[in-house]
Amino acid sequence: MKKIIGLIVFSMAFVFANAQKEVDIVIVGGGAGGTSAGIQAARMGAKVQIIEKTSWLGGMLTSAGVSAIDGNHKMPSGIWGEFRQKLYDYYGGPKAVATGWVSHTLFEPSVGKSILTEMAKHDNLEIEYKASFNGIEKMDGKWLVRYKKKGKSFSTKASILIDATETGELLPLVGADFRLGMDSKADTGEKEAPESANSIVQDLTYVAILKDVGDEKNRRGLVKKTKNYNPDAYACACKREGGEMFGSVADCDQMLTYGKLPNDKYMINWPNCGNDFFVDWPEMTQVQREEALKQAKDFTQGFVYYIQNELGYKNLRLANEFPTKDNFPMIPYHREGRRAKGKTFLVVDHLECPYDFNLYKTGVAVGDYPIDHHHDKNPDTPKIEFINIKVPSYSIPMGSLVPEQVDNFLVSDKNISVSNIVNGTTRLQPVVLGIGQAAGTIAAIAVKEQTNTTDVSIRQVQQALLESKAYIMPFVDVAPDDNAFESIQRIGATGILKGFGIPYKWANETWFYPDRIVSEFELKNGLLPLYPKLKNEHASGAGVTPQFLATMLSTINQEIHLDVIKEIWVSEDIKIPFSASAQLDRRTVSILIDKLLNPFVVEVDFHGKFK
């Protein structure tokens, strides 16, 4: 008997030992943010596991079918730029993916999934597909995440936990404070916010992907009329009058080509009398939520039925795009979830007037999309003219990824510390890819340095991102292949030379103007916060010259003189001929200040104040 009991105990111990893993970082959610975080952290040497409930990576990019990229076309930052280039390579260049008028980059979700899967192949990255987490706890100072897969129980222990779920599912489970729904004016200081807070979230969407099959006579891909089908719900889909986004949608062809994908496919994610659907999921039980999501999918099926039968597009059939029985996506497109209360709180004022604050100095991801909310399907939503809130392109501060109270826990999707209004731009795909890359960088450095995520150097994170060709400042006119890219990004993040923000249509901008001449006065004022010794130096409105630089900077470092400047000039391959009296542009000044003073070495805190 003792032998039998001993054998059972040994067998249980063997099973437990094989069911439990230990890694450096565990990421719950393999969506856009989680995938990007996992790729970046693995590349930086950390051992990573992603726990993903579907069989695909990519989340809203792929599993939810939102395969028309919103924003960041002029800022191909880091992993987003890498992903886009692979789309170009696959389809045959930028024009081959500019198939619909909503976006410059559209693709088939299955192709996006294949590309992300290939990008995620790394010895340091393990992905558990079709795995549902069912428990999180702290054990011996580490995170223990329990999950089920194929009916079996597993667990993973890790130093760092990242919530990359679509709705911030982990926040209440780990004891992190969070915001949900619409913030009040008093909460955020935003003049545009409602007077009272509420828990209303944006409409979600069950996307559909249709394929043009021509004049085929079979019925494959034609959907059935749903039980609660009401054609009146979709009656104005082709009749949008006015509005800054659409102008006037003249006909149904224009409605459909909104999300036209390569290979004669169409993404149906239409906001105007289309398939947006309000689900009050924060107030629902799990059973109620599942039923509401089924209703959302049925509503999209009704829209597809309307397109095929009422509008007469029977040539458009549900594409065999997803590994699902009904050919609908695996998950809905959630535009909003719980938002962590982080070390910093990004609100509209920070976006509108970045240089009135210091948060831009801590930037780790960038975005340029306007503030865009979907609330048409909930009549109880307070009316805010989101589209009239004008902001330039922006940086997301590192502190928005680091929750206030929970150690070694990061957020990396739509769950970052921003206001409800700001979430209307930070939720977009390229931004979330950037957020994920930044979270993976923070986590990997924390592992390498054996420190808490709250103690990781912001400058070290930013430098690692720059080395990965990611933007920390949203300058649209200096690309990563520019030899001055890193210097300009670093100088921009110190505030020595500032950008010029412009709210512009559906692709907001911040320009650095690298070819503009820098005045002595502009440079002195930019340097003063870091080098107060310059206070009594004279500076005119004339253009900066190497001679002026040598004279002024020798006040900071006596070893700086004209010959040193000339050496850097040559080594950095500055194109204009060297002359002590040559007037210098912003590109050249950025390179020289970066190399002569290395101001980026001065650390900043989460609020962008120099330490």
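The buried residues of helix H2 (residues 32-43) in this predicted model are Ala32, Gly33, Gly34, Thr35, Ser36, Ala37, Gly38, Ile39, Gln40, Ala41 and Ala42. Buried means under 20% relative accessible area, exposed means over 50%, and partly exposed lies in between (1.4 Å probe, protein chains only). Thus 11 of the 12 residues of H2 are buried, so H2 is largely enclosed by the rest of the structure. Helices (H or I, at least four residues) and strands (E, at least two) are DSSP runs, numbered from the N terminus. The length of H2 was also checked. The expected span of a helix is 1.5 Å times one less than its number of residues. Just after H2, Gly45 takes a positive phi of about 105°.

Residues are numbered from 1 along each chain as its sequence is written, and side-chain values use heavy atoms, with hydrogens and water left out. Because the model is predicted, local features need pLDDT of at least 70 and side-chain atom pairs count only at pLDDT 80 or more, while totals for chains, interfaces and linings use all residues.

Helix H11 (residues 429-449) was treated in the same way. H11 has 21 residues and reaches 30 Å from its first C-alpha to its last, close to the 30 Å expected at 1.5 Å a residue. Of these 21 residues, 18 are buried, so H11 is largely enclosed by the rest of the structure. Gln450 follows H11, and its phi is positive, near 55°.

Helix packing comes next. Two packed helices are described by the angle between their axes and the distance between the axes. Axes are lines fitted to C-alpha atoms, for helices over the stretch in contact, and angles run from 0 to 180 degrees between N-to-C directions. Helix H3 (residues 78-91) and helix H5 (residues 109-119) pack at an angle of about 125°, with their axes 10 Å apart. H3 and H5 are therefore oblique to each other. Angles under 35 degrees count as roughly parallel, over 145 as roughly antiparallel, 65 to 115 as roughly perpendicular and the rest as oblique. H3 passes H5 in a right-handed crossing. A crossing is right-handed if the near helix is turned clockwise from the far one by less than a right angle, and left-handed if anticlockwise. On the H3 side, Ile79, Glu82, Phe83, Lys86, Leu87, Tyr90 and Tyr91 take part. They meet Val111, Gly112, Ile115, Leu116 and Met119 in H5. Contact means heavy atoms within 4.5 Å. By class, the contact of H3 with H5 has 9 nonpolar, 1 polar and 2 charged residues. Ala, Val, Leu, Ile, Met, Phe, Trp, Tyr, Cys and Pro count as nonpolar, Asp, Glu, Lys and Arg as charged, and the others, Gly among them, as polar.

A further pair involves helix H14 (520-527) and helix H15 (residues 546-553). The axes of H14 and H15 come within 12 Å and cross at roughly 30°. That makes H14 roughly parallel to H15. H14 passes H15 in a right-handed crossing. Glu520, Leu523, Lys524 and Leu527 of H14 make the contact with Phe548, Leu549, Met552 and Leu553 of H15. These residues divide into 6 nonpolar, no polar and 2 charged.

H15 has 6 of its 8 residues buried, so H15 is largely enclosed by the rest of the structure. The buried residues of H15 are Pro546, Phe548, Leu549, Ala550, Met552 and Leu553. They pack against H14, helix H16 (562-571) and helix H17 (586-597).

Loops also hold buried residues. Leu401 lies in the loop between strand E16 (394-397) and strand E17 (409-411). Leu401 is buried, with a relative accessible area of 0%. Beyond its neighbours within four places in sequence, Leu401 is in contact with Val364, Ile396, Leu410, Val411, Ile416, Ile435, Ala438, Ala439 and Ile442. His334 is found in the loop between strand E13 (316-318) and strand E14 (339-340). His334 is buried too, at a relative accessible area of 12%.

Most residues other than glycine have a negative phi. Asp140 has a positive phi of about 55° although it is not a glycine. Asp140 lies in the loop between strand E4 (131-139) and strand E5 (142-149). At 70% relative accessibility, Asp140 counts as exposed. Asp573 also has a positive phi of about 55°. Asp573 is found in the loop between H16 and H17, and is partly exposed, with a relative accessible area of 44%.
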